[in-house]
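Here is a quick briefing for anyone opening this structure for the first time. Have a look at the sequence and the model, then read on.

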Amino acid sequence: MFHTKTKLGGLLALTMLFASACGNANGTVDGTAAAAGGTDVGEKVKITFYSYNLAIASQKEGTQQLIDEFEAAHPQIDIDPIAVASTEINTKVQADIAAGASPDVAQLVFDGLDYAVHNYNAKALEDVVPAEELSKTFEGFSPNGLELGRLNGKTYGLPFTFSTPVLFYNAKLFADAGLDPNAPPTTWAEVKEAALQIAGKTEAEGVHIGGSAGNDWIVQALIGSNGGEVLSDDRASIRFGEPEAVEAIRMWQDMVLSGAHDKLNDGEVIQAFSEGKLGMLLYTSALQSAFIQASQAGGWELKAAAMPSFGDKPTTPVNSGSALFILSGDEAKQKAAWEFLKFVTSERGYTIITSKIGYLPLRPAIVDDPNYLKDWVEANPLVKPNLEQLTRLRPWISYPGPNWLQIETTLLEAVQQSIQGTGDVAAIMQEAQSRAQSLMP
């Protein structure tokens, strides 16, 4: 049976082990103020930086390397790094702002974008950075990636650490079940067929779709890939009770009822997949390095494929992850914060982020550049389906108003109710939509 839900941030803290190899052959630092034509911040400035990557043991070293290299290149700027768990960072930012001690820069998850803009006095980069410099900095960024931190036409959050849903699979179990490990399923119908074959011919479970607890980004990706949406374009109406969304969740329920899908929770399934007891897992690509190590230790081969589709409909992967927000009202600190944001999202910054922390580079060209990630990507080809999905990326929708988290929780609880039982999915999702609409501003 299903068990209690587990927050993704806690899961990652417990399970993620990241690769240590770095593909930058020459070790150059190209995010310096001089290289980027950056802003002169004048006298020495110290800025506070709230980061949840620093609170995750396996991500701390890479994040600290970003800070150390930035400070070495910018001796006039000191970073005061403060580690805060992802599940607590909004609460801490809110409390510190109320106490008059706002952080200067905060790493916040995308689903809180709307709330951060309207309640944390997050600064639009267009309002604090000269237009020409901003345009130059954005050159080479994934256009879809940049959209993730924008609201009402302005860039409030600069995308930072980031992943998409990927279908990991166990090639040995595919072979044992008589399936071709080099031809993974591409549609949900094919996933169900393969999963039933694995469950029937091996001792392993077939498939698990992650994301029914914690945050709703994978649920948003499923609904969007079936032509639905969770919020109307004018951000006024909840839409996850509409037919396209219901059909997507009904597919998930059918997977469970048919026996193709296991009945583990998201925490248990990471352990099961790592131990070779599950054929396929749709989940965050940030788990890749941990699964590589688990497969090597367990004597099975890890492979990865793009998120499956609903028939011939194009998939719309939604991102997990975070953006960096400038919250300081002090002009000198804003300039220093901008220099920091530029460095950590530079070519060098994303080389560290991808190879040391495990997230996608939002400057795609560096994966073919021998000065940055070319060698690393050739040694780690599992990242390629994840990179390819950037072209179809849809932003993680943040709900408006002070009840944004309750709305997200309402959706997830409706999904859990649907896939854990035999109830009418349409009735469950429509009732949840009605309750969520009452929470809208």
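The protein chain is split into domain 1 (45–162 + 320–389) and domain 2 (165–318 + 399–439), with bounds that come from an automatic or database domain assignment. This is a predicted model, in which local features need pLDDT of at least 70 and side-chain atom pairs count only at pLDDT 80 or more, while totals for chains, interfaces and linings use all residues. Residues are numbered from 1 along each chain as its sequence is written, and side-chain values use heavy atoms, with hydrogens and water left out.

- Taken over C-alpha atoms, the centres of domain 1 and domain 2 are 28 Å apart.
- Domain 1 brings 16 residues to the contact and domain 2 brings 24 residues, where contact means heavy atoms within 4.5 Å.
- About 1600 Å² is buried between domain 1 and domain 2, with carbon and sulfur atoms giving 54% of that; buried area here is the accessible area (1.4 Å probe) that two parts lose on being put together, summed over both.
- D111, L382 and Q389 supply 40% of the area that domain 1 buries against domain 2, more than any other three residues.
- Five residue pairs are in polar contact between domain 1 and domain 2, both residues being at pLDDT 80 or more. A polar contact is a pair of N or O atoms within 3.5 Å; within protein, one must be able to donate a hydrogen and the other to accept it, and residues adjacent in sequence count only if both atoms are side-chain atoms.
- On the side of domain 1 that touches domain 2, α5 and α18 (384–388) each supply at least two residues, and the largest share, three residues, comes from α18. Helices (H or I, at least four residues) and strands (E, at least two) are DSSP runs, numbered from the N terminus.

**The salt bridge across the interface**

- The rule finds one salt bridge across the interface of domain 1 and domain 2, a salt bridge being a side-chain nitrogen of Lys or Arg within 4 Å of a carboxyl oxygen of Asp or Glu.
- D114 and R235 form a salt bridge, and their closest N and O atoms are 2.8 Å apart. D114 sits in helix α5 and R235 in the loop between α11 and α12, so this pair ties together parts that are 121 residues apart in sequence.
- D114 is buried at 6% relative accessibility, whereas R235 is partly exposed at 22%. Buried means under 20% relative accessible area, exposed over 50%, and partly exposed in between (1.4 Å probe, protein chains only).
- R235 also has a positive phi of about 60 degrees, although it is not a glycine.

**Other salt bridges**

- By the same rule, the count comes to 18 salt bridges.
- K342 and E339 pair up at 3.4 Å, N to O. Both lie in helix α15 (residues 331–344), three residues apart, about one turn of the helix.
- Salt bridges that share partners join E133, E339 and K342 into one network.
- K342 is buried at 4%, and E339 is buried at 0%.
- K303 and E301 meet in a salt bridge too (3.6 Å, N to O); K303 is buried at 19%, while E301 is partly exposed at 43%.

**Strand β10**

- L302 and A304 point one way from strand β10 (residues 302–305), K303 and A305 point the other way, and all are buried.
- Strand β7 (residues 165–170) runs antiparallel to β10, and four bridges join the two. F168 has A304 as its bridge partner in β10.

How values were computed
Pairing = 2+ DSSP bridges.
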